[in-house]
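Welcome! Take a moment to look over the sequence and turn the model around, and then let us walk through a few of its contacts together.

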Amino acid sequence: MSYTRQTILEMAGYTPGEQPRDRLLVKLNTNENPYPPSPAVTEALASLTTAGLRLYPDPLARALRQEAARQWNLSEDAVICGNGSDDLLTIGVRTFVDQGGTIACPDPTYSLYPVLARIQGARTIHIPLDETFNPPPDCARQAAGSSLLFLARPNAPTGNAFDLSTMHQLCRDYQGIVWIDEAYADFAADNCLDFVHKYPNVVVSRTVSKSYSLAGIRLGLACAQPPLIEQMLKVKDSYNVNALTQTLGLAALKDQSHMQTNVKRIQATRRWAADELTALGFQVLPSEANFLFARPPIPADEYAKALRAHHILIRYFPGERTGDYARVTIGTDADMQKLLQATRTILADQ
């Protein structure tokens, strides 16, 4: 006898990137930032006392919302916070998709989207990206019948940012909620934050995990016109952002200069690493994120396995569209030098 819903029994859960206990490994598999967070975060952490931990945190994370609203030229009631952006994606599905409903998303993209749909008892329309990993011209038509369209921009795992004119057209043509997942937007040349002013059906989400070097505190933020945020607030957990995260996240958001400095370092390393891999025979896709999606000159799964033998972790995604590629997080210059040296050794042994 099973006490579990049949949907859960039948589904496969989301598989996060490996978090090894061996910290001697060069970890280029989960798109974490290789540089420390703002010194303001360290100061905020040092100022915390345990006395306040007996109290619940602000359920609305108002200070965080106010700071994000100030930076994004929005009102506080146009912002919501979550326990990482994945929490916000869950809130979005629970708010905008009925049991038995439908979401839509590109293929390939962030593999959590269909998992969230299954948990909700909903189905997923997978819209194949073209040969350059961009949406087809009839993307909105293919998504017809769904109530929520997820668009990661820059996309994961491919790293490209869909053209802004394409994004505008999709927001105009699609009849449901367009959720623009901008987890990597700080590394890109542009973003879609201003879409919130123009479209009543758009939600844009961000995270501090990547550009702010704070994957460990779990903080996401999303913005939309206030009527949408009002409904999402009904769905979130009562205290979904803990007090420590609120304090440290606020300190990070206020130090934009530190974040931008780290972003520029990563962008420079991204350009250099892409050139080096290309010279070694890789097909490296243009990236607007903090990682590269590249086709090695040997089978990608073998390449990932060989790198692990050199104590370097990258991410391999089996599948018809992704199986020929490997995803490499941009680390420090020293990390990437180790990757390149190991790659030269691996290719020389073929």
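Helices here are DSSP runs of H or I with at least four residues, and strands are runs of E with at least two, both numbered from the N terminus. An axis is a line fitted to C-alpha atoms, for helices over the stretch in contact, and angles run from 0 to 180 degrees between N-to-C directions. What you see is a predicted model, in which local features need pLDDT of at least 70, side-chain atom pairs count only at pLDDT 80 or more, and totals for chains, interfaces and linings use all residues. Residues are numbered from 1 along each chain as its sequence is written, and side-chain values use heavy atoms, with hydrogens and water left out.

Let us begin with two helices. Helix α12 (residues 300–309) packs against helix α13 (residues 333–348) at an angle of about 115 degrees, and their axes are 10 Å apart. Their crossing is right-handed, a term for the near helix being turned clockwise from the far one by less than a right angle. On the α12 side, Y303, A306 and L307 make the contact, and they meet L339, A342, T343 and I346 of α13; contact means heavy atoms within 4.5 Å. Of these residues, six are nonpolar, one is polar and none is charged. In this count, Ala, Val, Leu, Ile, Met, Phe, Trp, Tyr, Cys and Pro are nonpolar, Asp, Glu, Lys and Arg are charged, and the others, Gly among them, are polar.

Now for the charged side chains. Side chains of opposite charge can pair when their charged atoms come close. A salt bridge is a side-chain nitrogen of Lys or Arg within 4 Å of a carboxyl oxygen of Asp or Glu, and by this rule there are eleven salt bridges.

E18 lies in the loop between α1 (6–10) and β1 (26–27) and R308 in helix α12, so the pair ties together parts that are 290 residues apart in sequence.

Another salt bridge joins E182 and R206, again with the closest N and O atoms 2.8 Å apart. Is E182 buried or exposed? E182 is buried, with a relative accessible area of 1%, where buried means under 20%, exposed over 50% and partly exposed in between (1.4 Å probe, protein chains only). R206 is buried too, at 10%. E182, D186 and R206 are linked in a network of salt bridges.
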